[in-house]
Amino acid sequence: MYSSIQDLGRFGYQEFGVPYSGGMDTYATKMVNLFLGNEENAAVMEITMLGPSLEFECETLICVSGAEMSPKLNQSDIPNNKVIPVKKGDVLSFGKLKLGFRCYLGVLGGFNTETVMQSRSMYEGITSTLRIQKGDILPVEIRTLNNLRKHAHIKERKDYLRTETIEVFEGPEFDLLSKSQQKELLTSKFSISKDNNRMAYQLAESFENDLEPIITSAVMPGTVQLTPSGKLIILMRDCQTTGGYPRVLQLMEIAINVLAQKFTGQTIQFKCLNSKQVLIR
């Protein structure tokens, strides 16, 4: 459906209008690398809703994390969050989406696709391709699997795949909303519209808005913008670097991961935290 290579993102180029990019769900991105003993920023494959079929041309180790997408190796079920050895000629495929929306495939040493601006994250106009296409060959390191280091047991989380709670801070323009608007924003449930992708998630419900546009200012992944038409837009990893809509909320990092696992029609509810509460957690 939509698979791409992502690492933790492209940093230090936002002044030139270059988005951060990187894995939509950074928790799952880090987990596959942790299980494999890779560097945290090793490139992984981000798979959206419907997985590809992949044939391995060398032996390696793999791990799948994030959404539960019924992965199979040579037609036999394999679990998420477990290191699996593969041999030359083995075929990895995916089936029914059971939970979440995006899963992440890691290989030993990471995918060695092109590096642009210190990142392998695919993005249109930056890397030579936007996403993985049928017939592509993705380079990986050829390593012997003997004498690999053993790693301590790792406990993974699944609760974030199910929760509707989106933890946020007040945005720079939050105080421009009336008290009743603030209450409505933080007590209402919102549903994901069909307009959702790596750049932004738009919520289906309209929200009363009489705020004036702001001077174009910095935005980042997790910024919640309120448009003149009353639509709430939550910026995601491939978002632009500046915007002129009021920034009413800002998602925490874990909240971006939660939202990245939602799809059209699912509901969310914002929960506002102050700095003291965040410090205690």
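Biologist: In β12, which residue is the bridge partner of I192?

Modeller: The model is a predicted one. Within it, β11 and β12 form a hairpin with 3 residues between them, and the two strands pair in the antiparallel sense over 2 bridges. In β12, the bridge partner of I192 is L203.

Biologist: Which residue in β18 does F190 stand opposite?

Modeller: Strand β11 covers residues 189-196 and strand β18 covers residues 267-272. These strands run antiparallel and are joined by 3 bridges. In β18, the residue opposite F190 is I268.

Biologist: In β8, what is the bridge partner of P71?

Modeller: Strand β5 comprises residues 71-73, and strand β8 comprises residues 91-94. They pair in the antiparallel sense over 3 bridges. For P71, the bridge partner in β8 is F94.

Biologist: Is E208 buried or exposed, and what is its relative accessible area?

Modeller: E208 lies in the loop between β12 (200-206) and β13 (217-218). On the surface, E208 gathers with E184, D210 and E212 in a patch of negative charge. Exposed means over 50% relative accessible area, so E208 counts as exposed, its value being 55%.

Biologist: How many of the 8 residues of helix α4 are buried?

Modeller: Helix α4 spans residues 253-260 and is mostly covered. The buried residues in α4 are A255, I256, N257, V258, L259 and A260. Of the 8 residues in α4, the number buried is 6.

Biologist: What is the phi of M49, which is not a glycine?

Modeller: M49 is located in the loop between β2 (44-48) and β3. This residue is partly exposed, with a relative accessible area of 33%. Although M49 is not a glycine, its phi is positive, at about 65°.

Biologist: Does N81 count as buried or exposed, and at what relative accessibility?

Modeller: N81 is found in the loop between β6 and β7 (84-86). Its phi is near 60°, a positive value in a residue other than glycine. Since buried means under 20% relative accessible area, N81 counts as buried, with a relative accessibility of 11%.

Conventions. Residues numbered from 1 in each chain as written. Predicted model: local features only at pLDDT ≥ 70, side-chain atom pairs only at ≥ 80, totals over all residues. Heavy atoms only, no water. Patch = residues over 30% accessible without salt bridge, like charges linked within 9 Å, V, L, I, M, F, W, Y side chains within 5 Å. Areas by Shrake-Rupley, 256 points an atom, 1.4 Å probe, with all protein chains shown as cover. Salt bridge = Lys/Arg side-chain N within 4 Å of Asp/Glu carboxyl O. Lys, Arg positive; Asp, Glu negative; His and termini not counted. Charge placed at Lys NZ, Arg CZ, Asp CG, Glu CD. Helix = DSSP H or I, 4+ residues; strand = E, 2+ residues; numbered from the N terminus. Buried < 20%, exposed > 50% of the residue type's maximum accessible area, 1.4 Å probe, protein only. Pairing = 2+ DSSP bridges.
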